Structure formats: C-alpha cells, structure tokens
Amino acid sequence: MNNRFKTYVFWSLLLGTSVVFADKMGMPTDAPASYEAECASCHMAFPPALLSAKSWQNVMSSLDKHFGTDASVDSKTQADITSWLVKNATTRQKYSETAPENRITKTSWFIRKHDEVKADVWKRAGVKSPANCTACHLYAAKGNFSENSIKIPAK
Ligand code: HEC
Ligand code: HEC
C-alpha cells in the first residue's frame, strides 16, 4: 500500500461513504475554459459526474430552451463542452439514470439523498431552489458534497 492510498483509506473509514462519494463527484481539472464561461454565469458549473452521458447530451442539445431561458452557444463550443461532459459523466450504475426534465434535482438518487430536507427549506430566500447546490454545500463547485461541509441557511 502506498501512502496516498493509506491516507485515502484512513479518511474513508473515518468519514464513512461521504469521502468516496465526494471523490467520484469531483470537478475534473481539465474543464474547457468555455465551460466556466458559458455554464457558470447563471448557476455554478455543475460537476459532470452529477449526470449520465445521455442526460448531458439532452441538456446540451436543448440549450435554446434551457429552463425558461436561452443558454445557446456556438456550435464549436457546444461540441467541446458536450464531449467533455460526456467523457466525465457518471459511469456508476446507481447514478446513471436519464434525469427527468434534464434535472439533477429530479433524479431518484438526488431525491433519496435529500429526503430529510423539508419542503419549506428549499423555498427559503437563502436557498431559492434545489438546483442552488452552493446554498448548502459549501464546496459544491469543487464537486464536494460531503456531510461535513453542509450549512443550511436559516432563512
Ligand atoms: C442564461 C442563464 C443560464 C445559462 C447561461 C446556463 N444555464 Fe443552466 N440553468 C439555468 C436556469 C434558470 C436553470 C434552472 C435553475 C433552477 O431550477 O433553480 C438551469 C438549470 C440547469 C441544470 C439543471 C439543474 C437541476 O435542477 O438539476 C443543468 C444540468 C444545467 N442548467 C446545465 C447548464 C449547462 C451545461 C450550461 C452551459 C452550456 C448552462 N446550464 C448554462 C440558467 C442557465
Ligand atoms: C437546502 C440545502 C441543500 C441544497 C440546496 C442541496 N443539498 Fe445536497 N444535501 C443536503 C443535505 C442536508 C444532505 C444530507 C447530508 C446527510 O447525509 O446527512 C445532502 C446530501 C447530498 C449528497 C450526498 C452526500 C453524501 O455524502 O452522501 C449529494 C451528492 C448532494 N447532496 C448533492 C447536491 C447537489 C448536486 C445539489 C444541487 C443540484 C444539492 N445537493 C443541493 C442539503 C442540500
């Protein structure tokens, strides 16, 4: 066992599954510059492992009708971002469903993981929407959703 692996095992045992989970969700370091530029102005740049390849294709092929707004990009940018998202999409069976309405927040894993969050909490001014991951997950933009870095806005 090398040291890096030992450290990983240590933290995994200490923190339970959250480290493993957070690790797999992590933001890859090779994101095209266009991803930050085009996909992080209205909301955070979602880490690609939050959706399946099929779901990302669905999101990227309907940008002109994107949740009530027009988020279209030129065709080269669209191709670049799509291939990067698809390459880094989740490959884990448990998270691989095709997301209803192209929403991470409508997947069954998302609903299950958040079953303890009461309906009124999602509507608080400090939260606004379940899609607003950074409202509660302090390091969401890095793809870290560990239980240890959650702070739910009081109002
Ligand atoms: C002009 C603003 C805008 C831009 C630019 C934009 N989006 Fe969005 N996006 C939205 C809005 C609004 C929502 C719905 C948010 C909500 O329900 O709170 C959304 C939601 C999403 C969701 C679903 C979130 C959920 O509910 O699970 C995904 C995935 C997404 N966007 C991906 C992208 C990608 C990829 C890009 C870049 C190609 C992008 N967005 C660019 C406005 C934008
Ligand atoms: C209102 C606050 C809130 C918002 C907004 C929110 N979450 Fe969460 N999230 C939580 C809570 C609370 C948990 C449960 C933590 C636990 O298991 O104790 C959780 C759990 C998770 C987990 C499981 C973590 C683990 O270690 O098992 C993931 C992954 C996750 N959220 C992703 C997201 C994503 C992606 C978004 C945005 C699309 C989001 N969350 C939006 C509060 C929130």
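Visitor: How many salt bridges does the count come to?

Guide: The model is predicted. The rule asks for a side-chain nitrogen of Lys or Arg within 4 Å of a carboxyl oxygen of Asp or Glu. Asp30 and Lys87 meet it at 3.1 Å, Lys65 and Asp64 at 3.6 Å, and Asp80 and Lys76 at 2.8 Å. The count comes to three.

Visitor: Which salt bridge pair links distant parts of the chain, and how many residues apart are its members?

Guide: The side chains of Asp30 and Lys87 meet with an N to O distance of 3.1 Å. Asp30 sits in the loop between helix H2 (17–25) and H3, whereas Lys87 belongs to helix H5. The pair that links distant parts of the chain is Asp30 and Lys87, and the separation is 57 residues.

Visitor: Is Lys87 buried or exposed?

Guide: Exposed means over 50% relative accessible area, and buried means under 20%. The salt bridge partner of Lys87 is Asp30, which has 40% and is partly exposed. Lys87 has a relative accessibility of 56%, so this residue counts as exposed.

Visitor: In which helix do Asp80 and Lys76 both lie?

Guide: Their side chains form a salt bridge at 2.8 Å, N to O. Asp80 is partly exposed at 31%, while Lys76 is exposed at 56%. The two are four residues apart, about one turn of the helix, and that helix is H5.

Visitor: Which residues have the most contacts inside the largest nonpolar core?

Guide: This core has 31 residues. Helices H3 (33–39), H4 (53–60), H5 (75–87), H6 (108–113) and H7 (119–122) each supply at least two of its residues. Tyr35 touches, among others, Met27, Ala45, Ile81 and Trp84, with neighbours up to four places away in sequence not counted. The residues with the most contacts inside the core are Tyr35, Phe46 and Trp56.

Visitor: Which residue has a polar backbone atom 2.7 Å from an oxygen atom of ligand 1?

Guide: A polar side-chain atom of Arg103 lies 2.7 Å from an oxygen atom of ligand 1. For Thr105, an N or O atom in the side chain is 2.7 Å from a ligand oxygen atom. The residue that uses a polar backbone atom, at 2.7 Å, is Ile104.

Visitor: Which element gives the most to the shell around ligand 1?

Guide: The ligand is surrounded by 21 residues, the closest being Cys39, Cys42, His43, His66 and Ser129. They divide into 12 nonpolar, seven polar and two charged. With three residues, the element that gives the most is H4.

Notes. Residues numbered from 1 in each chain as written. Chains lettered and ligands numbered in written order. Predicted model: local features only at pLDDT ≥ 70, side-chain atom pairs only at ≥ 80, totals over all residues. Heavy atoms only, no water. Core = buried A, V, L, I, M, F, W, Y, C linked by side-chain atoms within 4.5 Å. Buried < 20%, exposed > 50% of the residue type's maximum accessible area, 1.4 Å probe, protein only. Contact = heavy atoms within 4.5 Å. Near = heavy atom within 4 Å. Polar contact = N/O pair within 3.5 Å; in protein donor to acceptor, adjacent residues only side chain to side chain. Nonpolar A, V, L, I, M, F, W, Y, C, P; charged D, E, K, R; others polar.
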